[in-house]
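Please walk through this model with the structure open beside the text.

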Amino acid sequence: MAKPRPLLGLLAGVAAGLVASAAMAAFQHQAEKLLPEEGGDEDPATVKAADQASAALAGAPAPEPWREPAGLAVHYVAGAVLGGIYGVITEYKPEASAGFGGAYGIATSALLDEAAVPAAGLAPGPDDTPLARHAYGVASHLVYGIVLEGVRWLIAGKR
């Protein structure tokens, strides 16, 4: 195995995470059109997370004109952080890129959509989520993982 390059892995992963987050958002924008209407006007988990962060830092939820951009910022920050982690991991364990990043993407879906986000009260639990929403989440994260690996590979090379 080649000598690990953790700094390069981190930087490549962060950059790839940002690109992968954009790809995921584009996929979600199109895939949302295929999902059945749920009839709710509930905010996305990213907006709820931004509200929680704003409340913790400023004592109040994000102001109305800033809620959607703040939610997008949460999406991209999370994508960059997960990308940075992936970039470093693949420097030490190239097998982490199994399925051209698809395995990591699905793992992030299980970790976030099925565990952390519901535990934080940002989304309904897995048992309260329709099957189509589960599939949408897994597919979204699969797109993230594959694009993440593709961009990381372009920047840092095959490991």
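Residues are numbered from 1 along each chain as its sequence is written, and side-chain values use heavy atoms, with hydrogens and water left out.

Start with confidence. pLDDT is the predictor's confidence in each residue, from 0 to 100. Where pLDDT is low, the predicted coordinates should not be read in detail. For the protein chain the mean pLDDT is 94. Of its residues, 98% reach 70 or more. Helix 1 (residues 6–31) has the highest confidence, at 98. Helix 2 (residues 45–58) has the lowest, at a mean of 93. Helices here are DSSP runs (H or I, at least four residues), numbered from the N terminus.

Now the packing. Two packed helices are described by the angle between their axes and the distance between the axes. Axes are lines fitted to C-alpha atoms, for helices over the stretch in contact, and angles run from 0 to 180 degrees between N-to-C directions.

Take helix 1 and helix 3 to begin. Their axes come within 6 Å and cross at roughly 135°. That angle makes helix 1 oblique to helix 3. Angles under 35 degrees count as roughly parallel, over 145 as roughly antiparallel, 65 to 115 as roughly perpendicular, and the rest as oblique. The crossing of helix 1 and helix 3 is right-handed: the near helix is turned clockwise from the far one by less than a right angle. Helix 1 contributes residues including G9, L10, G13, V14 and G17 to this contact. Helix 3 contributes, among them, G79, A80, G83, G84 and G87. Contact means heavy atoms within 4.5 Å. By class, the contact of helix 1 with helix 3 has 11 nonpolar, 10 polar and one charged residues. Ala, Val, Leu, Ile, Met, Phe, Trp, Tyr, Cys and Pro count as nonpolar, Asp, Glu, Lys and Arg as charged, and the others, Gly among them, as polar.

L10 gives a close view of this contact. The residue lies in helix 1. Leaving aside neighbours within four places in sequence, L10 touches G84, G87 and V88. L10 and G84 are 74 residues apart along the chain, yet their C-alpha atoms are separated by 4.6 Å. L10 is partly exposed, because its relative accessible area is 35%. Buried means under 20% relative accessible area, exposed over 50%, and partly exposed in between (1.4 Å probe, protein chains only).

Move on to helix 4 (residues 102–119) and helix 5 (residues 131–156). Their axes come within 7 Å and cross at roughly 135°. Helix 4 and helix 5 are therefore oblique to each other. Their crossing is right-handed. On the helix 4 side, the contact includes G102, G105, S109 and E114. On the helix 5 side, it includes H134, H141, G145 and L148. The contact of helix 4 with helix 5 has eight nonpolar, eight polar and two charged residues.

H134 sits in helix 5. Is H134 buried or exposed? Its relative accessibility is 18%, so H134 counts as buried. Beyond its neighbours within four places in sequence, H134 contacts E114, P126 and T129.

Helix 5 also meets helix 3 (residues 64–92). The axes of helix 3 and helix 5 come within 11 Å and cross at roughly 60°. Helix 3 and helix 5 are therefore oblique to each other. This crossing is right-handed. G79, L82, G83, Y86, G87, T90 and E91 of helix 3 meet Y144, L148, E149, R152 and A156 of helix 5. Five of these residues are nonpolar, four polar and three charged.

Finish in the loops. F100 lies in the loop between helix 3 and helix 4. F100 has a positive phi of about 50° although it is not a glycine. At 41% relative accessibility, F100 counts as partly exposed. P61 is found in the loop between helix 2 and helix 3. At 52% relative accessibility, P61 counts as exposed. Leaving aside neighbours within four places in sequence, P61 is in contact with D51, S54 and A55.

Definitions and conventions: This is a predicted model: local features need pLDDT of at least 70, side-chain atom pairs count only at pLDDT 80 or more; totals for chains, interfaces and linings use all residues. Helices (H or I, at least four residues) and strands (E, at least two) are DSSP runs, numbered from the N terminus.
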